Amino acid sequence: MPKVKAPEDGRRQTPLDRMFGVIHGRYDRINRLFTWGMDKRWRKRLVAALLKLEPKKVLDIGCGTGDLSISIARQSHGKVEITGCDFSKPMLEMAVKKAKELAPNGKATFIHGEVAQMPFPDETFDCIGIAFALRNLIFENPLAGKHLSEIIRVLKPGGYCLIVESSQPSNKIIRLLSHLYLRTYVYGVGILISGSRDAYRYLVQSAIHFYTPEELEKLLLAAGFRRFSFRPLFFGAAGIYQAQK
Ligand SMILES: C[S@@+](CC[C@H](N)C(=O)[O-])C[C@H]1O[C@@H](n2cnc3c(N)ncnc32)[C@H](O)[C@@H]1O
């Protein structure tokens, strides 16, 4: 049965935590709205790439309402343990509820935790999946270095980290249009739905200024990964990044 462990960490809430706390019930619908449903297809691509690696222990970092963990639990054959980790308790509660219904095989469990200080021994997982949470973890985040070193620490040598995240289209016109879409539609509708100007300012600015695949490759290799590859999605507005420890 999916379960959630929730140790108290006494951490101060950021506008982003507060936003996830407020919108957790609408988060999935908001995601569909902003990506025109493509986020589902992009996560599926990540799951397919991850399952090809035949992992036995998977960590879903910043699991939110659990979509990635649930898809892996549903689509995997054989014995796979999936742990979803997130610092937002309301998002985790949604994940547990959804997993009970959609993946009752018990492969996915959820744990309350901060990525900068994950409650797992070294070299626990052979695969890590991150869906739309990497930007929160590394973009202009004072704890970015700590987040990356924790990801490396809990991954087995030779293990893979697969990430689906927004990216910067290499074509200048497409990039301009995608930034315009973020600045107008996503920002405006985001504020209306969430009531949080701060959170949506951050989300839009972080998407507009997020790393190019080349910059991210340098960052991940410097953090300790040894191989990197990138597959663009939707003209490079998003992409699947794969890094091996
Ligand atoms: C944009 S949501 C993505 C959720 C989910 N992975 C998905 O595919 O929809 C980012 C998630 O990362 C979590 N998160 C951000 N920073 C975190 C941190 N430092 N430690 C734990 N969770 C974090 C947030 O609470 C949020 O649930």
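This is a predicted model: local features need pLDDT of at least 70, side-chain atom pairs count only at pLDDT 80 or more; totals for chains, interfaces and linings use all residues.
## Overall fold

The chain has 10 helices and 8 strands. Its radius of gyration is 17 Å, close to the 18 Å that the globule rule gives for 245 residues, so the chain is as compact as a globular protein of that length. Laid along the principal axes, the C-alpha atoms fill a box of roughly 45 × 35 × 35 Å.

As for the inside, buried residues make up 52% of the 245. Take the contacts between residues at least 6 apart in sequence: 77% of them join residues at least 24 apart.

## Aromatic pairs

Searching the whole structure turns up 11 aromatic pairs. One of them is Phe120 with Phe125, an edge-to-face pair at 5.1 Å centre to centre with 90 degrees between the planes. Phe120 is buried, at 11% relative accessible area, and Phe125 is buried too, at 3%.

Phe139 and Tyr211 also pair edge-to-face, with 6.0 Å centre to centre and 70 degrees between the planes. This pair ties together distant parts of the chain, 72 residues apart: Phe139 lies in the loop between helix H6 (134-138) and helix H7 (144-154), while Tyr211 lies in the loop between helix H9 (197-208) and helix H10 (213-223). Phe139 counts as buried because its relative accessibility is 8%, under the 20% cut-off.

## A ring cluster

Ring pairs also join Phe34, Trp36, Tyr181, Tyr185 and Tyr200 into a cluster.

How values were computed
Residues are numbered from 1 along each chain as its sequence is written. Side-chain values use heavy atoms; hydrogens and water are left out. Helices (H or I, at least four residues) and strands (E, at least two) are DSSP runs, numbered from the N terminus. The radius of gyration is taken over C-alpha atoms; the globule rule is 2.2 Å times the number of residues to the power 0.38. Buried means under 20% relative accessible area, exposed over 50%, partly exposed in between (1.4 Å probe, protein chains only). Contact means heavy atoms within 4.5 Å. Rings of Phe, Tyr and Trp (its six-membered ring) pair if their centres lie within 6.5 Å; planes under 30 degrees apart count as stacked, over 60 as edge-to-face and the rest as tilted.
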